[in-house]
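Take a moment with the structure below.

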Amino acid sequence: MNLILASVVSLGGIGALSAVILYFIAQKFHVEEDARIDEVEAVLPAANCGGCGFPGCRAFAAACVTADTLDNLSCPVGGTATMEKVADILGKKAAAVVPTIAVVRCGGTCEVREKTNSYDGVKSCTIVHNLYGGETGCSWGCLGLGDCEVSCTFDAIHINPETMLPEVDEDKCTACGACVKACPKNIIELRRKGPKSRRIYVNCVNKDKGAVNKKVCKVACIGCSKCFNVCPYEAIEMGNNLAYIDSEKCKLCRKCVEVCPTNAIVELNFPPRKTKIEEPSTTGTEK
Amino acid sequence: MGGVHPPENKFSAGKKTKIISLPQQVIIPLRHYSGNPSVAEVSRGEIVKVGQLIGRANGFISANVHSSVSGKVSKIDNAMDAFGYKFPAVFIDVIGDDWLDEIDLSPEVKRVCNLEPHEIIKKVAEAGIVGLGGATFPTHVKLSIPQGKKAEVLIINGAECEPYLTCDHQLMLEKGEEIIIGISILMKAIRVKKAIIGIESNKMDAVLNLEKWAKTMEGIEVVPLKVKYPQGSEKQLIQALTGREVPSGALPIEVGAVVQNVATTFAVYEAVQKNKPLIERIITVTGKSVPEPGNYWVRIGTPFTHIIEETGGMPQDTGKVVAGGPMMGRALPSLDLSVAKGTSSILFIPSSESKRGKVFNCIRCAKCVFHCPMGLEPYLLMNQGEKQMWENMEENRVMDCIECGSCSFICPSNRPLVDYIRYGKSTVGTMIRNRKTHKS
């Protein structure tokens with residue numbers, strides 16, 4: 001009995017003494033933190049994806065509180081709605097955010113881009129990219145080993161086992177940019193989501209000459225400039241044997257899609273055309 | 001320390017070199033594996049002679065490129081290299097075999113060289129000589145000793161530790177005198193009195209031949225080495241021959257050594273004494289099913305398909321074609337390639353041996369640790385590479401890895417050790433470079 005009493009008293013005494021010491025230490029080293037950081041953090045999506053450029057949601061919240069304006073700060077996951085809530089809390093004005101989405105710019109499916117050799121090493125795009133040009137004749141295109149899939153924290157990008165190309169799930173993609181960084185071939189781009197998710201883009205990044213890349217891939221952009229000439233809005237730039245559609249200037253008229261001889265320009269989520277002889281390219285890489 | 005003993009398979013040993021006939025077209029890459037591509041000095045439609053400069057070095061780590069044939073430049077375009085990426089190359093349609101006048105084609109051996117060291121280095125640079133062991137680092141850069149450092153010994157690498165390869169062995173048998181003169185020229189260029197030639201003891205005929213010629217010059221010694229892979233790697237060779245260990249992250253010059261390959265030495269002889277730039281080299285064509293493995297003189301830029309045709313075609317059961325040795329060579333993504341300065345062989349691997357085995361879990365046998373010639377822990381580096389722990393990889397000296405492949409070769413679980421270590425090396429290398437640029 002004595003033993004139990006002695007131990008309870010001594011341990012309790014140590015505990016009480018420590019609590020007092022800790023109380024004074026906490027008083028002495030107290031750090032005044034802006035209470036609004038917690039409030040801002042509460043409205044953020046808590047995905048901690050790093051898409052904003054900060055290590056996590058709390059770091060972003062702190063940055064929002066200390067910043068003078070919210071012009072350069074935006075949460076890609078929450079979008080405009082979240083940023084407006086943040087602006088309300090802080091009494092600042094949120095900059096308008098144009099919704100973007102990840103777009104995979106390669107249409108080289110197994111059918112249109114033949115394998116010229118086979119690789120049986122580690123299944124990682126970065127390792128293959130460091131080692132050699134890849135299993136097909138096109139050293140620019142998708143390697144299909146899924147570094148983007150691994151990098152995605154939202155389960156929004158997956159390799160389609162039939163085409164061996166990644167497909168983006170539009171509902172899940174938050175445009176955090178993790179896959180853009182993970183892709184060693186720089187194929188994935190964040191583009192404007194567009195009205196009703198309608199988008200037009202060049203589905204190729206091959207910078208070789210047209211005659212060369214036509215041999216290795218049937219849907220490669222051959223740099224013929226037909227789209228460049230037909231575009232009424234000057235939204236298409238030509239360079240490095242490749243066309244690039246500026247999504248800010250593009251008015252989604254779809255003239256370029258019609259003239260492209262290799263079906264390298266892809267339209268997404270448009271209603272079917274009334275007077276169309278040929279079906280639009282089926283090589284779109286997104287749902 | 002470390003090292004492995006892969007089956008030697010030197011089928012083409014002792015086979016006299018033959019000359020591969022001129023192809024119809026050569027594709028001469030302006031970039032030879034490492035460094036900047038050189039800038040084309042010729043234009044389309046121009047008539048060139050053998051030995052004419054067609055690409056000028058661009059930047060510090062870059063070498064001149066010369067025409068290996070005479071003919072007409074048909075185009076300057078991108079061509080695939082052994083990595084499967086496209087780099088600029090000069091395409092020349094062959095017409096006759098018209099050499100530049102200043103190149104001395106007489107068979108007599110010129111023994112005396114009266115040039116000053118800086119003149120020798122200048123001539124080596126002009127001739128576009130790169131390290132012919134495989135890494136193709138420009139030789140003139142290696143010969144220019146940095147300020148404050150002093151070279152004490154020249155080491156000549158005749159180890160040829162890669163299985164299958166016999167091109168250096170054959171060169172040592174056939175061009176012994178020229179190699180020794182080349183060594184004396186290099187000794188003069190870097191101002192050393194002593195040179196050691198290291199040759200694996202499975203090539204005693206080459207050792208005896210070079211010993212015979214080495215007696216005619218002062219300060220050259222031939223040392224037979226233990227047969228193991230990677231004996232011919234720079235740091236291992238220095239340790240075997242001088243007993244000095246190159247510190248982690250340092251260059252051989254730190255311990256007063258300069259290492260050159262025997263084939264490079266021969267190229268230096270030809271450039272300095274005969275004015276002949278680096279336009280041809282010996283390659284070994286070999287493989288288990290190749291009917292007649294052999295050693296061949298080929299002009300730089302000769303298409304692989306032409307060589308394969310000339311040497312009896314590709315064996316039926318080929319599963320993989322490798323440029324270089326089986327340990328460090330590159331499996332080719334396509335046969336539409338041409339011989340670059342660093343191409344030492346065309347090796348046909350039968351399909352039964354061309355695939356990797358099934359990967360099992362690490363059983364902690366530590367064979368990779370025991371056999372690593374650099375004293376690293378490959379299993380650990382691989383685990384950290386998989387988890388992308390770059391800082392930890394740096395601490396565990398991933399940058400010291402020479403990518404010899406001994407760990408992957410010896411691993412009983414077929415683990416892809418080198419793959420992940422190479423991944424780590426490239427990422428950590430970028431990290432270190434970024435850190436340096438941020439500091440300055």
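This is a predicted model: local features need pLDDT of at least 70, side-chain atom pairs count only at pLDDT 80 or more; totals for chains, interfaces and linings use all residues.

Start with chain A. Its secondary structure consists of 10 helices and 8 strands. Now look at its outline. Along its principal axes, the C-alpha trace of chain A spans about 95 × 50 × 30 Å. The radius of gyration of chain A is 27 Å, whereas a compact globule of 287 residues would have one near 19 Å. How much of chain A is buried? Of its 287 residues, 37% count as buried. Next, consider how chain A makes contacts along its sequence. Take the contacts between residues at least 6 apart in sequence: 59% of these join residues at least 24 apart.

Move on to the place where the chains touch. Chain B brings 15 residues to the contact, and chain A brings 13 residues. On the side of chain B that touches chain A, which helix gives the most? Helix α14 of chain B, residues 417-439, does, with 5 residues.

Finish with the core. In soluble globular proteins, nonpolar side chains tend to be buried together. Here, the largest nonpolar core has 188 residues. Which of them touch the most other members? They are Leu154(B) and Ile155(B). Look around Leu154(B), leaving aside its neighbours within four places in sequence. Leu154(B) is then in contact with Ile183(B), Leu186(B), Met187(B) and Ile190(B), and also with Val192(B), Ala195(B) and Val258(B).

Technical notes:
Residues are numbered from 1 along each chain as its sequence is written. Chains are lettered from A and ligands numbered from 1 in the order in which they are written. A nonpolar core is a set of buried Ala, Val, Leu, Ile, Met, Phe, Trp, Tyr and Cys residues joined through C-beta atoms within 7 Å. A residue is buried if 20 or more other C-beta atoms lie within 10 Å of its own, exposed if 12 or fewer, and partly exposed in between; C-beta atoms are placed from the backbone. Two residues are in contact if their C-beta atoms, placed from the backbone, lie within 7 Å. Helices (H or I, at least four residues) and strands (E, at least two) are DSSP runs, numbered from the N terminus. The radius of gyration is taken over C-alpha atoms; the globule rule is 2.2 Å times the number of residues to the power 0.38.
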